[in-house]
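Dear colleague,

I am handing over the structure below, together with a short account of what was found in it. Please read the notes alongside the model.

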Amino acid sequence: MAAVFAAALIIKAVLIFLLSVIFIDRFSLSVLVLIASDFGGEHMDELFGRGDYNAQVDSTPASLSIEVLSSQSRVTVTVDGATVSTHFVIVEDGEKGEGRGMHIVVLNQASGSVMSQRLFDTYSLHEDEAMALFLNMISDGRIVIFSIKDEGTYQLKGGARSVLTRLGSRHAQGLSWRDMWAMVVQKGGKVHGESYSKSPAFSSWGASVILTVQVPLIPLDSKY
């Protein structure tokens, strides 16, 4: 009997652990990572991504041609004609009913390599807080790309909007239900481009937005 009771306790403990892993929300996970780490903003790329942010090769181009699509049913980010990919995840989300919210891609300002890629479903609670935390931890100088798929503003509250405004957005405070939006910025520096399309009615989406910009690459130790 004692052995059965002990086995039951072990099974219960394992189930609780598995449920906590499965159902922990992304905001809590981000906060736990932040609290458990001594990393500052300069180490964000190692914490949230796996790009070699010191990588520079002789073949690195002088600038990047970046195209961003924001629409009801599809988001794409292409760099120099090739769809950006990281960790075998393609930044081309056209799956119906999937990928709703704010897509963010972070590029190295010296090599153009992908540092990190994230999706925040800012239609849902707390995702805007997780997004703001993520953006605040990005190192200055990084190239940051934004695009909305479907709907990304329902739970986009003042704090997250202020972060986007500080990054240089002219439209962050006015983004509303089913608007389409794309932006490319150098964190702490220049806004390379921003495009916005307002939804004409509650039951409709804004027209698709295509933003194309040319972003010069700069050495890691240069002022942006």
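**Findings**

L69 is a residue of strand β1, which covers residues 63-70. Please note from the outset that the model is a predicted one. With a relative accessibility of 14%, L69 falls under the 20% cut-off and therefore counts as buried. Leaving out residues up to four places away in sequence, L69 touches R74, V75, T76, S147, S208, V209 and I210. L69 and M183 are 114 residues apart along the chain, and their C-alpha atoms are separated by 10.0 Å.

**The chain as a whole**

The chain contains five helices and 12 strands. Of its 224 residues, 44% are buried. Taking the contacts between residues at least 6 apart in sequence, 63% join residues at least 24 apart.

In soluble globular proteins, nonpolar side chains tend to be buried together. Here, the largest nonpolar core has 42 residues, and those with the most contacts inside it are I66, I104, L135 and F146. Strand β10, residues 180-186, gives the most to this core, with six residues. The contacts of L135 illustrate the surroundings of one of these residues: not counting residues up to four places away in sequence, L135 touches I104, V144, F146, V163, L164, L167 and K187.

**The pairing of α4 and α5**

Two packed helices are described by the angle between their axes and the distance between the axes. For helix α4 (residues 127-137) and helix α5 (residues 158-166), the axes come within 8 Å and cross at roughly 30°. This angle is under 35 degrees, so α4 and α5 are roughly parallel to each other. Their crossing is left-handed. On the α4 side, the contact is made by D128, M131, A132, L135 and N136, and on the α5 side by A160, V163, L164 and R166. These residues divide into six nonpolar, one polar and two charged.

**A glycine in strand β7**

How accessible is G101, buried or exposed? G101 lies in strand β7, residues 101-107, and is buried, with a relative accessible area of 0%. Leaving aside its neighbours within four places in sequence, G101 is in contact with L119, F120, D121, T122, S147, I148, K149, E151 and G152. The C-alpha atoms of G101 and L119 are separated by 6.8 Å, while the two residues are 18 apart along the chain. S147 is in contact with G101 and is also touched by L69.

**Two residues with positive phi**

Most residues other than glycine have a negative phi. Which values are found at H126 and D150? H126 has a positive phi of about 75° although it is not a glycine. H126 sits in the loop between β8 (114-120) and α4, and is partly exposed, with a relative accessible area of 37%. D150, likewise not a glycine, has a positive phi of about 65°. D150 is placed in the loop between β9 (143-149) and α5. With a relative accessible area of 22%, D150 is partly exposed.

Yours sincerely

Note on methods: Residues are numbered from 1 along each chain as its sequence is written. This is a predicted model: local features need pLDDT of at least 70, side-chain atom pairs count only at pLDDT 80 or more; totals for chains, interfaces and linings use all residues. Side-chain values use heavy atoms; hydrogens and water are left out. A nonpolar core is a set of buried Ala, Val, Leu, Ile, Met, Phe, Trp, Tyr and Cys residues joined through side-chain atoms within 4.5 Å. Buried means under 20% relative accessible area, exposed over 50%, partly exposed in between (1.4 Å probe, protein chains only). Helices (H or I, at least four residues) and strands (E, at least two) are DSSP runs, numbered from the N terminus. Contact means heavy atoms within 4.5 Å. Axes are lines fitted to C-alpha atoms, for helices over the stretch in contact, and angles run from 0 to 180 degrees between N-to-C directions. Angles under 35 degrees count as roughly parallel, over 145 as roughly antiparallel, 65 to 115 as roughly perpendicular and the rest as oblique. A crossing is left-handed if the near helix is turned anticlockwise from the far one by less than a right angle, and right-handed if clockwise. Ala, Val, Leu, Ile, Met, Phe, Trp, Tyr, Cys and Pro count as nonpolar, Asp, Glu, Lys and Arg as charged, and the others, Gly among them, as polar.
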